[in-house]
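Hello,

Here is the model I promised to pass on. Have a look first, and my notes follow below.

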Amino acid sequence: MMKIYDAIVQAKTENRKLLAILLDPDKIVWENLGYLIQKIYQSPATHIFIGGSHVQNNILDELIVRLKQKGDLPIVLFPGNPSQISDNADAILFLSLISGRNPDYLIKHQVEAAPILKKTQLEIISTGYILIESGSETAVARVSNTKPLDRNNPDYAEHTAQAGEMLGHKLIYLEAGSGAKKAVPLEMIKKVSDNIEIPLIVGGGIIDLRGIQKAHEAGADLVVIGTAFENDAEFFENHNYTSKIINRHSEI
């Protein structure tokens, strides 16, 4: 089976747009998990991301096992700290918060995670993580104690993404933050997409189908939706979603 990163690159090459549903274990209502999983596998999602800024419970492993019992979408860890690692997942976004200057999130947590990851079979995908100002303080900004990049300065976001690519990151992730009031500006998405070669992920503040479509059209290769789906498991039915942009592929 093709590795997850290679499949993302292939999708980018073929201009097939991807969609991830982000689940925060701290926000899971366990009694409703069966229904939530059913809706995930009925959706057009191509990936499941799991993680959050805190994750104070111990259901990470069980959540992944339950997801794998019902379907075969790739499950990718999106960790907020080194404690959020599970060998039951398929891959992990090995994040470096390159928009901030807090050394804990640039390298310290990665050093702590490295010996743990060496003992797993997880596919490790180096990811340059860029937090964009979104109209309110998000959990990522609060926990990481970093300042988001100015949403009105797409040039600086472009240069930050290029630096991440030059440092060897395999993905760039533009993030407005969980529950953001404003999504990443489309001009910024386009500018970054047009000036890097590696795949671009965009998430945060996307609340409807049009937001997903606009982000894809601006240049995002993979769009992440979290809060909107958490609040409404029937998000795709309620927004009359049609898979005109996103096409699942047998190797993803």
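The side chain of Thr 227 makes a polar contact with the side chain of Ser 178, at 3.4 Å (a polar contact is a pair of N or O atoms within 3.5 Å; within protein, one must be able to donate a hydrogen and the other to accept it, and residues adjacent in sequence count only if both atoms are side-chain atoms). This is a predicted model, where local features need pLDDT of at least 70 and side-chain atom pairs count only at pLDDT 80 or more, while totals for chains, interfaces and linings use all residues. Residues are numbered from 1 along each chain as its sequence is written, and side-chain values use heavy atoms, with hydrogens and water left out.

Setting aside neighbours within four places in sequence, Thr 227 is in contact with Ser 178 and Gly 179 (contact means heavy atoms within 4.5 Å). Thr 227 counts as partly exposed because its relative accessibility is 25%, whereas Gly 226 is buried at 13% (buried is under 20% relative accessible area, exposed over 50%, partly exposed in between, with a 1.4 Å probe and protein chains only).

The unreviewed UniProt entry has a "binding site" annotation that covers Ser 178, Gly 179, Gly 226 and Thr 227, among others; such annotations may be inferred rather than shown by experiment, feature names are shortened, and positions are given in the numbering used here.

Elsewhere, Lys 12 is also partly exposed, at 25%. The C-alpha atoms of Lys 12 and Pro 199 are separated by 6.6 Å, although the two are 187 residues apart along the chain. Beyond four places in sequence, Lys 12 is in contact with Glu 197, Ile 198, Pro 199 and Asp 221.

Best wishes
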